[in-house]
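This briefing goes through one protein model by topic. Please look over the sequence and the structure first.

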Amino acid sequence: ASVPHLATGADVPYNGGKTDRYTWEQTLHDVTIQVPVPEGTRAKDIICVISKSKLHLKIRGQPDAIIDKSYPCDARNGKEIWEKVRVGECTWALEQAGSGRPRVSVYLEKERECWWKSALEGDQEIDTTKVDSTRSLYEYDGETQGAIRKIMFDEEQKRKGLPTSDEIQNEDLLRKAWDAEGSPFKGTPF
């Protein structure tokens, strides 16, 4: 079955979707919404209000907002959690999309690390079990990176039929104890 939010191509959003008013994509940490606007639109014509729980986007002089919605609600496990953003880390810009129409690009930093089913409440949802959830090693903290590197080293050692890091560490410890003062094995080959 085709999974539109994972398809390849310049016009297909990464881990996101398309609506009649905008396209959107996401990572675990953020959401980017791209909203086409009419030719000739200038940044000073845009009214974009990014609040903790809602996005409002309007063109000055137009009667209706392009977007005036809350962020999605995650209603799993019998609980409703309304998604929120870190307002101080969010931004917007008017961009010229190559040879296409200008667009407003809205960057939203998520308050919690999770996959959103939609960018805005009530809009078409994606299947979040099928998003590309791979992470770069460098996205983890130092301790986790170290643990991952150790696992990768150990798997490579096993594949080659060589000792793992724990086995190497145990052998070094035994070698030191073998030659320790008072050891009955001191001075004999290990």
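The model is predicted: local features need pLDDT of at least 70, side-chain atom pairs count only at pLDDT 80 or more, and totals for chains, interfaces and linings use all residues. Residues are numbered from 1 along each chain as its sequence is written, and side-chain values use heavy atoms, with hydrogens and water left out.

The protein has 2 helices and 10 strands; here helices (H or I, at least four residues) and strands (E, at least two) are DSSP runs, numbered from the N terminus. A search of the whole structure finds 18 salt bridges, a salt bridge being a side-chain nitrogen of Lys or Arg within 4 Å of a carboxyl oxygen of Asp or Glu.

**Overall form**

- Read from the N terminus, the order of elements is β-β-β-β-β-β-β-β-β-β-α-α.
- The radius of gyration of the protein is 26 Å, whereas a compact globule of 190 residues would be near 16 Å. This radius is taken over C-alpha atoms, and the globule rule is 2.2 Å times the number of residues to the power 0.38.
- Along the principal axes, the C-alpha atoms fill a box of roughly 90 × 35 × 35 Å.
- Buried residues make up 29% of the 190. Buried means under 20% relative accessible area, exposed over 50%, and partly exposed in between (1.4 Å probe, protein chains only).
- The accessible surface comes to about 12,300 Å², and 52% of this belongs to carbon and sulfur atoms. Accessible areas come from the Shrake-Rupley method with a 1.4 Å probe; for residues, only the protein chains shown count as cover.
- Of the contacts between residues at least 6 apart in sequence, 48% join residues at least 24 apart, where contact means heavy atoms within 4.5 Å.

- Strand E1 (residues 17-18) runs antiparallel to E2 and is joined to E2 by 2 bridges; two strands pair if DSSP finds at least two bridges between them.
- Lys18 has Thr23 in E2 as its bridge partner, and the E1-E2 hairpin has 4 residues between its strands.
- E2 also pairs with strand E3 (residues 30-36), in the antiparallel sense and over 4 bridges.
- Glu25 has Thr32 in E3 as its bridge partner, and the E2-E3 hairpin has 3 residues between its strands.

**Salt bridges within the helices**

- In helix H1 (residues 142-160), Glu156 and Arg159 are 3 residues apart, about one turn of the helix. Their side chains meet in a salt bridge of 2.6 Å, N to O.
- Glu156 is partly exposed at 31% relative accessible area, while Arg159 is exposed at 61%.
- Arg175 and Glu171 form a salt bridge with the closest N and O atoms 2.9 Å apart. The two residues lie 4 apart in helix H2 (residues 165-178), so about one helical turn separates them.

**Other salt bridges**

- Asp45 forms a salt bridge with Arg42, with 3.3 Å between the closest N and O atoms.
- Asp45 is buried at 16% relative accessible area, whereas Arg42 is partly exposed at 44%.
- A network of salt bridges links Asp20, Arg21, Lys69 and Asp123.
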